[in-house]
Each structure stands twice: as C-alpha cells, then as structure tokens.
Amino acid sequence: MSNIYDKIPNNSIKYIKKWINHLDLKIILRNDRKTKLGDFRPTHNNLTITINKNLNPYLFLITLTHEIAHAFVWQTHKSSVSPHGKEWKEMYKSLMLNFLNPDIFPEDIIKNLSKHLISPSASTTTDIILYSCLRQYDSSLKKTISDIKEGEIFYLSNQRKFIKGVRLRKRFRCIEVESKKIYLMHPLIEVFETDT
C-alpha cells in the first residue's frame, strides 16, 4: 500500500493517509483498464479501492479521492443512496477542497477542477475540458480522436477500423469500416495507426 503515496503529490499525502486509515481501506493497483480508472467495492471483510497504476499524479489523486468519497458514503448510508447522488457529490467536493491549492495542483488543473466540482460527474473522463487538461501531464501523450481530421481512418486498441465523422455535441459520429455501424465516440479515445 505504501507505494500509492509515490503516485500522488507530496502535499496531498497527509489527507489521503488519514482517510485510508480512518476507513481501513485496502488499495489495490491495477494495470491499465480501458473502461475505468478506479472503483470502490464494499465486502463483508473490508472496503477495497482498485485504481489504475499508470495514471499521472494529478489524475491518480482525483481518482483516488473520487473512490474514497464512495467509501465514506458507504460507511454512512450503505447501499441506500445512489452511487453518484447528492451524498457522494457533497462528500467528493468536501474532500477535494483540501487539494485546491497550487502546492498540490498546477493552476490550469485548479481552474478546470474548480468548475468540475460545481456539479461533479460520475467519471472524470466525461468532463472533456478537465480530462484534456489532466492528460497534458501524462508521461507520453497519445493520439486521440480529437487529434485527427474528419474523414480520417483510425484503429482502436482492439484493431477495429473506423472513419471519423462529425462532432455531435460532445461525441464524434464514427463509422466502423467493416460493419458500417455508427458509433458515438468520446473525443479522448486513444487511436492507433491512422491512415489518410
């Protein structure tokens, strides 16, 4: 468990340690999962959080705090409230306010995170502005759907081939080449081997 403290900004460690100890949380680091950054699971033995170990320090801290908020809500309400309902939103905001300072986050993240916390969403990745800002701190920037031109062909990690279409509000309308099916894709989905 001590290695999680190497993954977050130094000035956040005292809060995270206090909350983990108070809740008696078990933290498990996972390899990169495409569908989630972290999760919280209550069991009859303990409260467990899993978190992707490849996240940059700022995204790691936000994700860990998101999951710790679930643990606090579970401790009080068990399963009687919605997972991302008002109880979770208030708890998450309350925990995150400890970190909204330049000793922990760079100014650009503070600005976007402050807006996000007005009404936090169930996943950081759905807040495209905040998630784009956080991605700038990854050790290596990967190409996303937003980085390629309309009409360009791209592949996903599962080798499926698509054509990028127009943006519809928050997502891009893309066509799978083989099946001709239409998919609405998050603008920050990672793409590979683009063709023109």
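**Notebook: strands, helices and a surface patch**

I began with I175 and placed this residue in strand β6 (residues 171-176), where strands (E, at least two residues) and helices (H or I, at least four) are DSSP runs numbered from the N terminus. What I have open is a predicted model, in which local features need pLDDT of at least 70, side-chain atom pairs count only at pLDDT 80 or more, and totals for chains, interfaces and linings use all residues. Residues are numbered from 1 along each chain as its sequence is written, and side-chain values use heavy atoms, with hydrogens and water left out.

I then looked up the exposure of I175, which is partly exposed with a relative accessible area of 28%; buried means under 20%, exposed over 50% and partly exposed in between, with a 1.4 Å probe and protein chains only. I also noted that the C-alpha atoms of I175 and I153 are separated by 9.5 Å, the two residues being 22 apart along the chain.

Next I turned to the surface and found that V166, L168, I182 and L184 form a nonpolar patch with about 340 Å² of accessible area together. Patches take residues with over 30% relative accessible area and no salt bridge, joining like charges within 9 Å and nonpolar side chains (Val, Leu, Ile, Met, Phe, Trp, Tyr) within 5 Å; a salt bridge is a side-chain nitrogen of Lys or Arg within 4 Å of a carboxyl oxygen of Asp or Glu. Accessible areas come from the Shrake-Rupley method with a 1.4 Å probe, and for residues only the protein chains shown count as cover. I traced the patch to β5 (161-168) and β7 (182-185), each of which supplies at least two of its residues. L184, in strand β7, is exposed, with a relative accessible area of 52%.

For the helices, I read that the axes of α1 (residues 13-23) and α2 (residues 57-77) come within 11 Å and cross at roughly 30 degrees, axes being lines fitted to C-alpha atoms, for helices over the stretch in contact, with angles from 0 to 180 degrees between N-to-C directions. That makes α1 roughly parallel to α2, since angles under 35 degrees count as roughly parallel, over 145 as roughly antiparallel, 65 to 115 as roughly perpendicular and the rest as oblique. The axes of α2 and α3 (residues 86-96) come within 9 Å and cross at roughly 130 degrees, so α2 is oblique to α3.

Last, I noted that the protein chain has five helices and eight strands, and that 43% of its 196 residues count as buried.
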